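Please read the points with the sequence and the model open.

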Amino acid sequence: GKKGGSKNTSTAAARQAREDAGVSKYAPFARTPRARSDAISGLAQGGAPPRFEGAMAGCEIGPCEERDVPSLLSFEGAMAAELGCPSDDPRGSYDADWFAECCRGTFKRDNGQTLPARTLVVRDEGGRAVGGVICYLDHARFASGGGDRGKQKRRRTASTEPFVELFWVYVAPAARKARVGGALVAAALADARRVWPDAERVRLHCITTNRAGLAFWTGTGFATLREVKSYPVEGMSAFRMERLVSPPAAAASAAAAEDACRNPLPWAMVVCGVTGAGKSTIGAALAKKLGRTFLDADDFHSASAIAKMKRGDLLTDADRAPWLRALHDELAGRVSAPGLGMVLAFSALKAYYRNALRGSLGPSVGFVLLRIKAGLVAD
């Protein structure tokens with residue numbers, strides 16, 4: 001999710017109107033390295049740093065320091081080149097001073113507005129930064145539904161709520177295969193939970209042509225809300241994406257939080273499809289491949305439902321209600337356990353079923369639809 005720094009007045013005004021931002025009630029956080037270090041301690045809720053792989057095994061995540069500014073500035077140039085930003089894009093506002101202010105806890109917009117910020121970096125064994133993330137606290141109006149669902153139109157209300165914006169994320173190419181990006185984002189969200197506990201949502205903007213980025217953010221539980229035109233600069237566009245700051249899988253325990261750092265896929269992957277699509281076979285194979293626990297939804301039917309199906313009678317939604325509750329409770333009861341997650345074979349053909357299964361688990365539950373030709377099912 002990268003946002004450009006064009007100084008064009010009309011572009012900045014249009015972007016500001018889209019942001020619908022308010023002035024934060026939170027004061028900037030501690031600016032000394034020691035204070036920032038204390039504030040960010042316990043990122044994984046148990047004090048244990050995330051484990052990295054291969055050549056990056058010695059990496060550590062910590063708060064940004066002044067010595068990291070040159071690296072962040074070089075990352076900015078590399079990111080602009082990778083995303084295909086125009087060569088004449090005036091990025092003068094994102095200079096060394098701007099990154100230094102972010103490291104000290106202040107995010108400064110083009111219009112001069114300042115917001116509390118957090119900046120983390122990943123350093124290799126030699127102390128050199130190989131990645132970084134900048135996020136800030138903002139406010140926006142979020143709609144919620146209410147009222148009568150009958151013939152009357154459903155009334156919608158809006159309230160101003162705090163949210164976290166993942167503004168700037170970059171990992172050097174040499175560190176990308178070691179899952180440094182997933183660990184960096186997990187650490188940033190854990191930090192946000194500590195310092196901004198009232199913020200329930202996190203947003204970002206991902207360039208529409210950044211396919212690798214879209215796959216990464218979708219895999220970490222972000223859902224696409226809409227496309228934003230002329231973003232970050234004229235001639236480009238980005239997807240606004242959002243998820244909860246603290247899904248149960250990430251906050252349940254230190255072990256689960258560390259697993260989430262190392263595995264960006266949803267904690268529970270539901271393999272769904274029509275009867276005969278191979279949900280159980282493929283689901284079991286997928287669980288073995290990923291090192292996850294496998295469950296089959298058919299094993300959770302009540303005795304009365306099983307008897308009804310044996311008679312050849314179709315189950316109604318009323319029959320399925322206790323079954324759906326049992327499946328949700330099973331996932332919710334396992335979310336705090338150590339391990340890499342779950343794979344569940346479950347038809348999930350109706351949105352009602354998927355919503356009931358997901359429940360309070362939110363983006364921790366993802367769905368994989370098996371598409372199969374009708375002839376193969378018949379055979």
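1. The model is predicted. Across the whole structure, a search finds 14 aromatic pairs. One of them joins tyrosine 136 and phenylalanine 167, with 6.1 Å from centre to centre and 50° between the ring planes, and this pair is classed as tilted. Tyrosine 136 belongs to strand S4 (residues 129-146) and phenylalanine 167 to strand S5 (residues 155-171), so the pair ties together parts that lie 31 residues apart in sequence.

2. Two packed helices are described by the angle and the distance between their axes. For helix H11 (residues 317-334) and helix H12 (residues 351-358), the axes come within 8 Å and cross at roughly 35°. The crossing of H11 and H12 is right-handed.

3. Which residues make the contact between H11 and H12? From H11 come Asp317, Arg320, Leu324, Leu327, His328 and Leu331, and they meet Tyr352, Tyr353, Ala356, Leu357 and Arg358 of H12. By class, the residues of this contact are seven nonpolar, one polar and three charged.

4. The second largest pocket has a volume of about 470 Å³. Its lining is made of 23 residues, and Thr275, Lys279, Asp298, Trp323 and Ser347 are those nearest the centre of the pocket. Helix H9 (279-290) and H11 each supply at least two residues of this lining. Sorted by class, the lining of the second largest pocket holds 11 nonpolar, seven polar and five charged residues.

5. Backbone angles deserve a check at two positions. Most residues other than glycine have a negative phi. Serine 230, which is not a glycine, has a positive phi near 50°. Where is serine 230 found? Serine 230 sits in the loop between strand S7 (223-229) and strand S8 (237-244).

6. Alanine 348 also is not a glycine, and its phi is positive at about 50°. The loop that holds alanine 348 runs between strand S11 (342-345) and H12. H12 is the helix whose axis crosses that of H11 at roughly 35°, and H11 in turn supplies at least two residues to the lining of the second largest pocket.

Key. Residues numbered from 1 in each chain as written. Predicted model: local features only at pLDDT ≥ 70, side-chain atom pairs only at ≥ 80, totals over all residues. Heavy atoms only, no water. Axes fitted to C-alpha atoms, helices over the stretch in contact; angles between N-to-C directions. Helix = DSSP H or I, 4+ residues; strand = E, 2+ residues; numbered from the N terminus. Left-handed = near helix turned anticlockwise from the far one by under 90°. Contact = heavy atoms within 4.5 Å. Nonpolar A, V, L, I, M, F, W, Y, C, P; charged D, E, K, R; others polar. 1 Å grid on protein atoms, 1.4 Å probe; cavity = no way out; pocket = protein on both sides within 12 Å on 5 of 7 lines; lining within 4 Å. Points joined across faces, edges and corners; volume = space filled by probe spheres on them. Phe/Tyr/Trp six-rings, centres within 6.5 Å; stacked < 30°, edge-to-face > 60°.
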